[in-house]
Amino acid sequence: MSAEDERRLARVALTWLAEPGTRAVHHLVERHGPVATLDLLLDGGSPDGWLHTTVAARSAAGDARAVAAESLERADRLGARLVTPDDEEWPAQVASLAALRLPDVSRRVDGETAPPLCFWVRGSWPLGEALDRSVAVVGARAATGYGQHVATELGYGLAERDWTVVSGGAFGIDAAAHRGALTAGGLTVAVLACGLDRPYPMGNAALFDRIAETGLLVSEWPPGAEPLRPRFLIRNRVIAAGTRGTVVVEASARSGATQTARRAIHANRVAMVVPGPVTSAMSVGAHEFLREHAKARLVTGVAHVLEEVGRIGADLAPLARGPQRATDALDDDARSLLEALPRRGAMGVDRLSARAGVDVRTALRKLSLLEELSMVVRRDDGYALAPPAKQKRAVAETSGRPVT
């Protein structure tokens, strides 16, 4: 076996002995390399008591190197590949997880947020290239129709603009975002919390196959690994750090989606939240996240998302504006005269100018312009408002041209 193969085998074995993200393992690999670290742990030389116990328990179930070799063979039969930091397609941005520290940590899973040792990948795209311009869209499994509509639109819009849509492959928001990207013919990546040969949930098996055909299925766990509850939070750190930003569409009071966004903020990525109805239980977690994190950004569509994660000055969202009205381009005097006209009937210039508070000369000039714009009509007994059909044409005619 070549030295490179030994290193790859050691990384797989280490991931089996200790869950991905374990900081003590990461530090040892950085210091000694994967092969020496594996030898050290198997000899009982772990500097961490919890890690020592975990390695001993896992080793009692089998030989780590043999398990790793079987995993590589299993992945080959599956059509999957192992990607390590020594490979060109490794996503360099996940290295930032080395500095990720979540505040007020009470659970081990929130403290063990180190960079991955390796990835298992199914799909033809190079992993690093796929994640280079990527946005995560995550949210509730029990999504509402509103949430699924928004997630689908985000997935479609981002993919249409050549951004990779990343999510976790779950029911609800995740699946909607993936499907939106697929419908647009774009690239989408599902980051799983289990082995690639047993994607969870099984109800999305057809969706996972579609993603693998045109995008990527990614996991830190070897084939055969079960989708245990803590693994979803471990997985979420990769979604947060591997993308340029994370969008939460819907989230209940206790939601893994907000945990992903929390990791994004502390990994110096953009965390974004789509607001929802205040009457919906699926909005509680999302809205609370906005209230608690000053760095979180409120977004309502693709344009807002791209403004946050895109190029500075090049991906600005258009300002939100109401429908254009014919009167938007009028100056104050013209508006005053228009408002002074009776809703029915006509009014003479002298009375109209007094009612509007402008002099007669100004009134005549402005009324001529308003007549030209089909907003008023001149009659024998004065001026009157033009019929509604004529006023509608004034919207296009006055667009961008102030009346003075």
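Author: Ser374 sits in the loop that lies between helix 17 and strand 10. The model here is a predicted one.

Reader: Why is Ser374 called buried?

Author: Its relative accessible area is 16%. Buried means under 20%.

Reader: What makes the phi of Ser374 worth a remark?

Author: Ser374 has a positive phi, about 65°, and it is not a glycine. Most residues other than glycine have a negative phi.

Reader: Which other residue has a positive phi although it is not a glycine?

Author: Asn268 has one, at about 60°. Asn268 lies in the loop between helix 12 (256-266) and strand 8 (270-273).

Reader: Is Asn268 buried or exposed, and how do you know?

Author: Its relative accessibility is 67%. Exposed means over 50%. Asn268 passes that mark, so it counts as exposed.

Reader: What is the peptide bond from Tyr200 to Pro201, cis or trans?

Author: That bond is cis, as its omega is near 0°. Most peptide bonds are trans. Pro201 is in the loop between strand 5 (188-192) and helix 10 (205-214).

Reader: How do you know how helix 15 and helix 17 are set to each other?

Author: Helix 15 (residues 332-340) and helix 17 (residues 360-372) pack at about 80°, with axes 10 Å apart. Angles of 65 to 115 degrees count as roughly perpendicular. The two helices are therefore roughly perpendicular.

Reader: Which residues in helix 15 and helix 17 meet?

Author: On helix 15 they are Asp333, Ala334, Leu337 and Leu338. On helix 17 they are Thr362, Ala363, Lys366, Leu367 and Leu370. Six residues of this contact are nonpolar, one is polar and two are charged.

Reader: Where does Val358 lie?

Author: Val358 is in the loop between helix 16 (349-356) and helix 17. Leaving out residues up to four places away in sequence, Val358 touches Asp333, Leu337, Ser353 and Ala363. Val358 and Ala334 are 24 residues apart along the chain, and their C-alpha atoms are separated by 9.6 Å.

Reader: Why is Val358 called buried?

Author: Its relative accessible area is 13%. The limit is under 20%, so Val358 is buried.

Reader: What angle do helix 1 and helix 5 make?

Author: Helix 1 (residues 3-17) and helix 5 (residues 64-78) pack at about 110°, with axes 8 Å apart. That makes helix 1 roughly perpendicular to helix 5. The contact residues of helix 1 include Leu9 and Trp16, and those of helix 5 include Arg65 and Leu72. Ten residues of the contact are nonpolar, one is polar and one is charged.

Reader: How many aromatic pairs does the structure hold?

Author: It holds two. In one of them, the rings of Trp90 and Phe119 have centres 5.1 Å apart and planes at 35°, so the pair is tilted. Planes under 30 degrees apart would count as stacked, and over 60 as edge-to-face. Trp90 is in the loop between strand 1 (81-83) and helix 6 (108-111), while Phe119 is in strand 2 (residues 119-122). The two are 29 residues apart, and the pair links distant parts of the chain. Both Trp90 and Phe119 are buried.

Reader: What is the bridge partner of Val83 in strand 2?

Author: Phe119 is the bridge partner of Val83. Strand 1 and strand 2 pair in the antiparallel sense over three bridges. Strand 2 also runs antiparallel to strand 6 (residues 216-219), again with three bridges. There Trp120 stands opposite Ser219.

Reader: Which strands stand at the edges of the sheet, and why?

Author: Nine strands form an open sheet of mixed pairing, in the order 1-2-6-5-4-3-7-8-9. Strand 1 and strand 9 (297-298) each have a single partner strand, so one side of each lacks a neighbour in the sheet.

Reader: How do strand 5 and strand 6 run, parallel or antiparallel?

Author: They run parallel, joined by four bridges. Ala190 stands opposite Leu217 in strand 6.

Notes:
Residues numbered from 1 in each chain as written. Predicted model: local features only at pLDDT ≥ 70, side-chain atom pairs only at ≥ 80, totals over all residues. Heavy atoms only, no water. Axes fitted to C-alpha atoms, helices over the stretch in contact; angles between N-to-C directions. Parallel < 35°, antiparallel > 145°, perpendicular 65-115°, else oblique. Contact = heavy atoms within 4.5 Å. Nonpolar A, V, L, I, M, F, W, Y, C, P; charged D, E, K, R; others polar. Phe/Tyr/Trp six-rings, centres within 6.5 Å; stacked < 30°, edge-to-face > 60°. Buried < 20%, exposed > 50% of the residue type's maximum accessible area, 1.4 Å probe, protein only. Pairing = 2+ DSSP bridges.
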